[in-house]
Amino acid sequence: MNTDIYRFKLGDFQCIAVSDGTHTYAPPTFPPPATFLFANAPRERLEETLREHNLYLEQWAEWVSPYICLAVNTGQHQVLVDTGANGLGPDTGKLVQNLKSVGIMPEDIDTVIITHGHPDHIGGNTDSEGRPAFPNARYVMWQDEWDFWTSGQAETKLDEHIREVLLASARKNLPPIQDQLELVDHEIEIVPGIRALAAPGHTPGHMALAISSRGEQLLCISDAVLHPIHLEQPEWHAAVDLAPEQVVATRRQLLSRAVTEKALVLAFHFPFPGLGHVSQNEDAWLWQPISTVD
Ligand SMILES: [Zn+2]
């Protein structure tokens, strides 16, 4: 399977999951994957759950995360959701070349929606000259998120190194888009068929998206979950989740909605193309990736 580009239709909308690359999360830069992803998981239950996914706590040394952006051509608008992780590592920053490979030029994008201000979601906001990489686009972000990262007050509970990576990326990728920026503070339709949903917790102004065309639904949940195990164990938050209780509430709301609407779901960090369906399993959920074999 092509792991850079995955095309699919949602009603009348032409959608493409576009990879920006991958990055390996491992010590010493990051905590071991299980500690990073499931910071509050009780050890015994964690070991048991990991085993069901063929993962073994002591041996699980690195987590290779994909970064999946979404291009949506609604017929009226060419929308891009998130700009990838350029600058985070050697295997990132492939978004623009992957878009060009399907005939989408940076100047074709009229709306860039930023789900939140982490470096793996805003890394491609600017080009190598520090100018907005999508010159004709209106960039849309949640007001609280913008304020958090640009106020100079962004406190995180993370260690100094990770904190500096986050703040450096925000300093590089946020101020240059200011002239093209539109901030939202409630759940509005950003373009016809694409609605902003408040999904706080991972970060203060983390945004999900409800995309719909001709009765078909796509729920873009960004980083409300980082790993499929978060559906099965929705109480287990990641070390990078700023407000754990809010993350759990947001997850429950989004995953319930996905079941009710039988929505296709896009999770930014899941194995490419990050698309699947969610089913209820008692008080939790299960992830069913779409079949990408033709
Ligand atoms: Zn992320």
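Figure 1. His-121 and Asp-223 link distant parts of the chain, being 102 residues apart. His-121 belongs to helix H4 (residues 119-122), whereas Asp-223 lies in the loop between strand E11 (216-222) and helix H7 (229-232). The structure shown here and in the following views is a predicted model. For comparison, the ideal angle for four tetrahedral donors at a metal is 109.5 degrees. His-121 counts as buried, at 0% relative accessibility, and Asp-223 likewise counts as buried, at 2%.

**Figure 2. The open sheet of strands E1 to E7.** Seven strands in the order E1-E2-E3-E4-E5-E6-E7 make up an open sheet with mixed pairing. Strand E1 (5-10) and strand E7 (181-184) are the edge strands, each pairing on one side only. From one strand to the next, the twist averages 25°. E1 pairs with strand E2 (residues 13-25) in the antiparallel sense, over six bridges. Lys-9 has Gln-14 in E2 as its bridge partner. Helix H5 (residues 143-150) lies across strand E6 (138-142) and E7, and runs at about 90° to E6.

**Figure 3. Strand E3 and its pairing partners.** Nine of the eleven residues of strand E3 (residues 63-73) are buried, so the strand is largely enclosed by the rest of the structure. E2 and E3 run antiparallel and are joined by eleven bridges; in this pairing Thr-22 stands opposite Pro-66 in E3. E3 also pairs with E4 in the antiparallel sense, over four bridges, and here Ala-71 stands opposite Leu-80 in E4. The hairpin of E3 and E4 has four residues between the strands, and in it Gly-75 takes a positive phi near 100°.

Figure 4. Gln-78 is located in strand E4 (residues 78-81). With a relative accessible area of 13%, Gln-78 is buried, since residues under 20% are classed in this way. Leaving aside residues up to four places away in sequence, Gln-78 touches Ala-71, Val-72 and Asn-73, together with Ile-104, Asp-108, Ile-109, Asp-110 and Thr-111.

**Figure 5. Cysteine residues Cys-15 and Cys-69.** The count of disulfides comes to zero. For Cys-15, the closest cysteine sulfur is that of Cys-220, at 9.5 Å, which is too far for a bond. The closest cysteine sulfur to that of Cys-69 is also in Cys-220, at 9.9 Å, again too far for a bond. A disulfide would require the two sulfur atoms to lie within 2.5 Å. Cys-15 is buried, with a relative accessible area of 2%, and Cys-69 counts as buried at 0% relative accessibility.

**Figure 6. The open sheet of strands E8 to E14.** This open sheet consists of seven strands in the order E8-E9-E10-E11-E12-E13-E14, with mixed pairing. Its edge strands, strand E8 (189-191) and strand E14 (284-289), each pair on one side only. On average, neighbouring strands of the sheet are turned by 35° against each other, direction ignored. Strand E12 (residues 264-267) and E13 pair in the antiparallel sense over two bridges, and Leu-266 stands opposite Leu-275 in E13.

**Figure 7. Asn-281 in strand E13.** Strand E13 (residues 275-281) contains Asn-281. Asn-281 is partly exposed, with a relative accessible area of 36%. The C-alpha atoms of Asn-281 and Leu-231 are 9.4 Å apart in space, and the two residues are 50 residues apart in sequence.

Key. Residues numbered from 1 in each chain as written. Predicted model: local features only at pLDDT ≥ 70, side-chain atom pairs only at ≥ 80, totals over all residues. Heavy atoms only, no water. Buried < 20%, exposed > 50% of the residue type's maximum accessible area, 1.4 Å probe, protein only. Pairing = 2+ DSSP bridges. Axes fitted to C-alpha atoms, helices over the stretch in contact; angles between N-to-C directions. Contact = heavy atoms within 4.5 Å.
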